[in-house]
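Student: I would like to go through this model and ask, for each label attached to it, what value stands behind the label. Could we take the helices, the strands, the contact between the chains and the confidence in turn?

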Amino acid sequence: MSTVSQFALLFIGGALINNILLTRFIGLCPFFGVSGNMETSMGMSFAVVFVMMMASTATWVVWEFVLAPLGVGEFLYIPAFILIIASLVQFVEMYLRKASPVLYRAMGIFLPLITTNCAVLATATESAKPGFFKLNIAVGASLSLGQALIYTLGVSVGFGFALITFAALRERLELAGVPRLFKGTPIAFITAGLLSLAYVGFSGWFGL
Amino acid sequence: MDLVLIAKAIGALSLIGLITSSILSTAAKRFHVEVDVRVSEVAAALPGSNCGACGRPSCFAVAEGMVAGEIEPNACVAGGQSVADEIAAILGAATCEMASVICARNCGGGANATRVYEYAGVPSCAAANRLAGGPIGCAYGCIGFGDCERACPFDAIAMDERGLPVIDPAKCTGCGICVRECPRGQIQLLTLVPEAAPIVVRCNAHDKVKDRRGNCSMACIACKKCERECPHDAIHVVDMLAVVDYEKCTGCGTCVEVCPQKCIDFYGHRPGVDAVAADGRGPDTPEVASVSEGA
């Protein structure tokens, strides 16, 4: 398989076919928490793309050069990755505050919030730790750094896409004639179920 | 063998921890952002309870905005005049007058309102409101489980025997937390009125007058008696509901006397009115309540 088509499959596989929110159900708290309006969901999606890319890079490097050579990765990867992601986000927050106040204000509260998001940890683990990556693509036992980054980009864009779609649907539902008993959260759950069904329809593309 | 592995694990985590913490501590110095000293002074003058009544996320954000000149020194609702004076002194601004407000309840329903079903769930207004719009027939009335009483940080709200929140004007700072916590705060069941407001209309129903009367014996029936009798032109029936104009109202009490539904009430600090009347109990509410329960 050529490198280009492999990268394309990694991206589509992460974004649509294995959408982290709607087919794998990881990171559902922001899916309901910040999907109330478009503006916050945009901010959240942007911050997730940013943090996921940074986190995958950092965990990949740490796995390759610290955890794997010492032979402690098999049982130590969760605390190590959490430690890395948390301090990375702290660092990025400090840096942004100094270097780009505009970006810092745009991301606002979402940056520290996704420090402990399970979607970030899951994607970082898949990218870094061999055996966790489950897509049926001939990439060998583990992902290279380039493959991991493309895959992470796919997952985070898929996260943002699902979140923004859902926020748009919820904004429309505010104005729709929803029966009184279903107004608010109940209809949001039903909508999420239908949206999830639609995303499951992607499975089977390219044999993924 | 095991001991070696344990040592390696401890070593690996300590190494990562050491590296990240040294990077972070260097970054904290390297990327340190200079903050105006006045920001911390203003932040110290503010109440610091982060109540959010001014519409900003925290007292510190307000302090930053005040120093930057984006927010007026009198923006702190909970702090009142004394805090505004203090901040104006720090910033060198002219002293600002506070237009202080307090919370008022625009519903006289409670025991007088009809129920459409028996609610047996969690005793919370927010929960009850989600179950087909609450057990009260009136879509604008007080549900009566006291979410506002629990939310009030100043202990100014108490639920009375009618199942209605009674606001103590002496304790109320007008922070507006109850208005936000109330599931019907957005449709103005609770509103912030000028602190000197002498009169308040205890009905907020915007549906048809006939429906209102079926739902509640205290509802405003838009008879316009108050509008005709008011000597100061300070109360008007707007969209079939009596509304007080606080610019003109003097608190003479004419409307309170003529209202056939007893849904207009004294409120706030009115000279000559004792504490019980001032806290918002209508003059002869208990009789009306008992009639309604019998019916």
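Student: Where does helix H4 of chain A bend, and by about how many degrees?

Tutor: Keeping in mind that this is a predicted model, helix H4 (residues 73-99) of chain A bends by about 30 degrees at A:Pro79. That angle lies between axes fitted to the seven residues ending at the bend and the seven starting there.

Student: What covers the buried residues of H4(A)?

Tutor: The buried residues of this helix include A:Leu76, A:Tyr77, A:Ala80, A:Phe81, A:Ile84 and A:Ile85. Their cover includes helix H3 (38-70), helix H6 (110-113) and helix H7 (118-128) of chain A, together with helix H1 (2-30) of chain B.

Student: How do you know that H3(A) reaches close to its expected span, and where is its kink centred?

Tutor: H3(A) has 33 residues and covers 46 Å from its first C-alpha to its last, which is close to the 48 Å expected at 1.5 Å a residue. The kink in H3(A), of about 45 degrees, is centred on A:Trp63. After H3(A) comes A:Gly71, with a positive phi near 70 degrees.

Student: Why is B:Gly110 called buried?

Tutor: B:Gly110 is called buried because 25 other C-beta atoms lie within 10 Å, and the cut-off is 20 or more. B:Gly110 is placed in the loop between strand S1 (101-105) and helix H5 (125-130) of chain B. Beyond its neighbours within four places in sequence, B:Gly110 has contacts with B:Cys142, B:Gly144, B:Arg162, B:Gly163 and B:Leu164. From B:Gly110 to B:Leu164 the C-alpha distance is 5.5 Å, although the two are 54 residues apart in sequence.

Student: What makes S1(B) largely enclosed by the rest of the structure?

Tutor: Five of the five residues of S1(B) are buried, so the strand is largely enclosed by the rest of the structure. Both of its faces are covered, with B:Val101, B:Cys103 and B:Arg105 buried on one side and B:Ile102 and B:Ala104 buried on the other.

Student: How do you know that S1(B) pairs with strand S4 of chain B?

Tutor: Pairing requires at least two bridges, and five bridges join S1(B) to strand S4 (residues 190-194) of chain B, the two running antiparallel. One of the partners can be named, since B:Val101 is bridged to B:Pro194 in S4(B).

Student: What do S6(B) and S7(B) form, and how many residues lie between them?

Tutor: S6(B) and S7(B) form a hairpin with two residues between them, and B:Asp239 in the turn has a positive phi of about 50 degrees. Strand S6 (residues 235-238) and strand S7 (residues 241-244) of chain B run antiparallel and are joined by four bridges. Within that pairing, B:Val237 has B:Ala242 as its bridge partner.

Student: How many residues does the contact take from each chain?

Tutor: The contact takes 21 residues from chain A and 18 residues from chain B. On the side of chain B that touches chain A, H1(B) gives the most, with 13 residues. By class, that side of chain B has 13 nonpolar, three polar and two charged residues.

Student: Where is confidence in chain B lowest, and where is it highest?

Tutor: Confidence in chain B is lowest in helix H12 (residues 285-294), at a mean pLDDT of 37, and highest in helix H6 (residues 147-151), at 91. Chain B averages a pLDDT of 81, and 87% of the residues score at least 70. Over residues 281-295 of chain B, pLDDT stays under 50, and the model has 19 contacts beyond four places in sequence for them. For the complex, the predictor gives an ipTM of 0.74 and a pTM of 0.58.

Key:
Residues are numbered from 1 along each chain as its sequence is written. Chains are lettered from A and ligands numbered from 1 in the order in which they are written. This is a predicted model: local features need pLDDT of at least 70, side-chain atom pairs count only at pLDDT 80 or more; totals for chains, interfaces and linings use all residues. A residue is buried if 20 or more other C-beta atoms lie within 10 Å of its own, exposed if 12 or fewer, and partly exposed in between; C-beta atoms are placed from the backbone. Two residues are in contact if their C-beta atoms, placed from the backbone, lie within 7 Å. Ala, Val, Leu, Ile, Met, Phe, Trp, Tyr, Cys and Pro count as nonpolar, Asp, Glu, Lys and Arg as charged, and the others, Gly among them, as polar. The expected span of a helix is 1.5 Å times one less than its number of residues. pLDDT is the predictor's confidence in each residue, from 0 to 100.
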